[in-house]
Amino acid sequence: MPEEILLDIKGLNVWYRVYGGYLKVVHNLSLQVYRGERVGLVGEAGCGKTTTMKAILRILPESVAHIPRGEIIFRGRDVLKMNRAELQKLRSRGIAMIFQDPTSALNPVFTVGEQLEDVIRFALPPEERQKKRIHDIAVQALKEVYLPDQERILQSYPVQLSGGMRQRICISMAITTPRELLIADEPGTSLDVTIQDQILRLLRELVEKHGTSIILITHSLGVARQMTDRIYVMYAGSIVEAAPSATLFKEPLHPYTVGLLASVPKISGGGIAEGIPGRIPNYLNPPNGCRFQPRCSLSDDRCLSQSPPILDVGGGHYVACFRYER
Amino acid sequence: MAVILECRDLTKYFRVGRNKQGPVYLRAVDGVSFEVQEGETLGLVGESGSGKSTLAYTIVGMYRPTGGHILFRGQDIGMEADRRSMALKKEIQIVFQDPGSSLNPRRTIGQILGLPLVLHRGLRGAAQEEAAIELLRKVELPPEYLLKSPSSIGGGEKQMVAIARALASEPSMVVLDEPTSALDVSVQAKIINKLIALQREMNLTYLFITHDLSVIRNVATRIAIMYLGRLCELAQAAEFFEQPEHPYTRMLISSVPVISDEEERLKPKKVESRGEIPSPVNIPSGCSFHPRCPERASVCSKVNPEMVLVRPGHYVRCHQFTSCWSDTKKVGEIG
Ligand SMILES: Nc1ncnc2c1ncn2[C@@H]1O[C@H](COP(=O)(O)OP(=O)(O)OP(=O)(O)O)[C@@H](O)[C@H]1O
Ligand SMILES: Nc1ncnc2c1ncn2[C@@H]1O[C@H](COP(=O)(O)OP(=O)(O)OP(=O)(O)O)[C@@H](O)[C@H]1O
Ligand code: SF4
Ligand SMILES: [Mg+2]
Ligand SMILES: [Mg+2]
């Protein structure tokens, strides 16, 4: 187990200003990533995964997003206190992010080549920015993500490519220059499982070759199990459970995690599960106690009024639920 | 059971440039034939970029086919959507993968549902509102949602609205292009259960495109696999998983990520996918899968295998099932 903490998020809160108040989305979230570690982040659609990641890069929309409390320590420095120049450096050298929605991450009016070559040009020292050299790197970058016809793709506009092709272009943009932390927000959703497998192997090689740490956000729990050392489970803006990946699948503790795992369809058949009843809380007025309480069949009075603390149950396994208090 | 939709040797090419020999075409859909039975769910799985969405868009009339036929209840409908009659357009609807970009954020949900209600059913005013509330009820959303904007609701709810919109015209067939791949498994389970219930209630036929084999295992009647613009295997869902025959299918099933060791053991032995993915502009000769196929023989790069019926209802396009295979083997034995 690597020991140096690369990223340390402490008690992060993120709110969005909307008509009628604030959406209190991310709530006292803490999360660590060690150097060279592969961390999974899973949770319900809308629980705040992308919001948290954008906070790390300070790319939340400034006009509406507000961070009332928390620290995001990257290599000993609080990202929330960085100035412009430091942020620039953080984004071009420190952390790269593969965005969830490749359609909106790519600009529809420029060709893929123009966009990819821009990223490459920016990362090269000025004296190496020859047209031919940049183009060659771009072709190589597309090969690395197993895209055929590199020349055609560079000349194509995003609409002329399939969803999976656009996604791989975003991946290639994020990995052309090595970083210390790679945030991959749903990198496999539009890929068939054989190519997904090849891409995940590629990400794994990055970790091994450059010691890059990865945060992998995914709805595919199978991918998380296969690809990560440790998994954080997020519900309505907070971490509800964290454990080494193998442990989490063998012994899920939090009622939300248990419900989530039970919803995974089986390749052996048996039908589609019902899913967890209810819906994610309204972030304008989230529950005072445990945010999962309204959907939890095991809750009692205390869950209604108090936030559960994060409990250490041993073996690197943490859970935020009163049921595990001794 | 009656055939509701049939594709016969359907092709869709895109012109992507030109060289010395003339225009260069990308063969996105390259000779696809299949039937969809009324009331069934046909699963369509395949490689990224193999032409699944293009096939879907051609069926719903967003693209004009380059060649071949699309028969809907026996009638050839292979012309573009703007020339399809209203009566026909209402019959086949589509739900896209990304609910965020397919719903206009500047309209309320009431307006979004109102459009097809006016267009296909001539409903306005109070009658329209009533029908819109009924559509929301079908997907279990409260009537207040009529006044909300899509940007203010969650991803799963957006997809429910997109489904409600597709149902507004009272179609008989719905194409679902990766309807849940942006959602977590719990929300996904609810949407799929809803789709199954609606299918029964409204006697719908689904063409269900997905990359998630565990999902398709549990919803499809039959499953078709697409590779580089062609179908390479088609079978009943259970048989498809128990006796996959095409090497690409086996590679797919062996790569499915699962969440327990028991399930890991149920999968066929891992067939690792390596190397470059071939291009639809330059489709490999013979069997288009041969550059990645672990089971290929000398004939595979030369002759394009035909689709062969290997068992009742189970079709495979691979030389291991054509007469060429025994000949190749003989060559091997002599050499
Ligand atoms: N710019 C914004 N303004 C207002 N609310 C926002 C904004 N961006 C996100 N939200 C809200 O914050 C919540 C969390 O969104 P976020 O995208 O972080 O979730 P997520 O966990 O990444 O979900 P998914 O799995 O669907 O990607 C949602 O309720 C969303 O509607
Ligand atoms: N409008 C277009 N113009 C030119 N080429 C196109 C166009 N639309 C799609 N293509 C090409 O057709 C091929 C098939 O694309 P399609 O979107 O149908 O694939 P898909 O099977 O849906 O893939 P995915 O699983 O990644 O969504 C791709 O090579 C793509 O680049
Ligand atoms: S025809 Fe040959 S190359 Fe194609 S799948 Fe069959 S064995 Fe493999
Ligand atoms: Mg997200
Ligand atoms: Mg597609």
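Predicted model: local features only at pLDDT ≥ 70, side-chain atom pairs only at ≥ 80, totals over all residues.
Residues are numbered from 1 along each chain as its sequence is written, chains are lettered from A and ligands numbered from 1 in the order in which they are written, and side-chain values use heavy atoms, with hydrogens and water left out.

Reader: Which residues are the closest to ligand 1?

Author: A residue is near a molecule if one of its heavy atoms lies within 4 Å of it. By that rule 15 residues surround ligand 1, and the closest are A:Gly46, A:Lys49, A:Thr50, A:Thr51 and A:Gln100.

Reader: How much of ligand 1 does the protein bury?

Author: Polar contacts, which are pairs of N or O atoms within 3.5 Å, include a backbone N or O atom of A:Lys49 at 2.8 Å from an oxygen atom of ligand 1. A polar side-chain atom of A:Thr50 lies 2.7 Å from an oxygen atom of ligand 1. With accessible areas from the Shrake-Rupley method and a 1.4 Å probe, ligand 1 taken alone exposes 640 Å², and the share of this that the protein buries is 72%.

Reader: Which element gives the most to the shell around ligand 1?

Author: Helices (H or I, at least four residues) and strands (E, at least two) are DSSP runs, numbered from the N terminus. By class, where Ala, Val, Leu, Ile, Met, Phe, Trp, Tyr, Cys and Pro are nonpolar, Asp, Glu, Lys and Arg charged, and the others, Gly among them, polar, the shell has 7 nonpolar, 6 polar and 2 charged residues. With 3 residues, the element that gives the most to the shell around ligand 1 is H1(A).

Reader: Why is the site of ligand 2 shared between chains?

Author: The closest of the 23 residues that surround ligand 2 are A:Gln160, A:Gly164, B:Gly49, B:Ser53 and B:Thr54. The site is shared because the residues that surround ligand 2 come from chains A and B.

Reader: How much of the accessible area of ligand 2 does the protein cover?

Author: A backbone N or O atom of A:Gly164 lies 2.8 Å from an oxygen atom of ligand 2, and for a backbone N or O atom of B:Gly49 the distance to an oxygen atom of the ligand is 2.7 Å. An N or O atom in the side chain of B:Ser53 is 2.8 Å from an oxygen atom of ligand 2. Of the 640 Å² of accessible area that ligand 2 has on its own, the protein covers 91%.

Reader: Which element gives the most to the lining of the second largest pocket?

Author: A pocket is an open set of points on a 1 Å grid over the protein atoms alone, where a 1.4 Å probe fits, with protein on both sides within 12 Å along at least five of seven lines, and lining residues have an atom within 4 Å of a point. The second largest pocket is lined by 23 residues, with B:Gln93, B:Leu115, B:Pro116, B:His120 and B:Arg165 nearest its centre. With 6 residues, the element that gives the most to this lining is H4(B).

Reader: What is the angle between the planes of A:Tyr235 and A:Tyr256?

Author: Rings of Phe, Tyr and Trp (its six-membered ring) pair if their centres lie within 6.5 Å, and planes under 30 degrees apart count as stacked, over 60 as edge-to-face and the rest as tilted. The tilted pair of A:Tyr235 and A:Tyr256 is 4.9 Å centre to centre, and the angle between the planes is 45°.

How values were computed
Polar contact = N/O pair within 3.5 Å; in protein donor to acceptor, adjacent residues only side chain to side chain.
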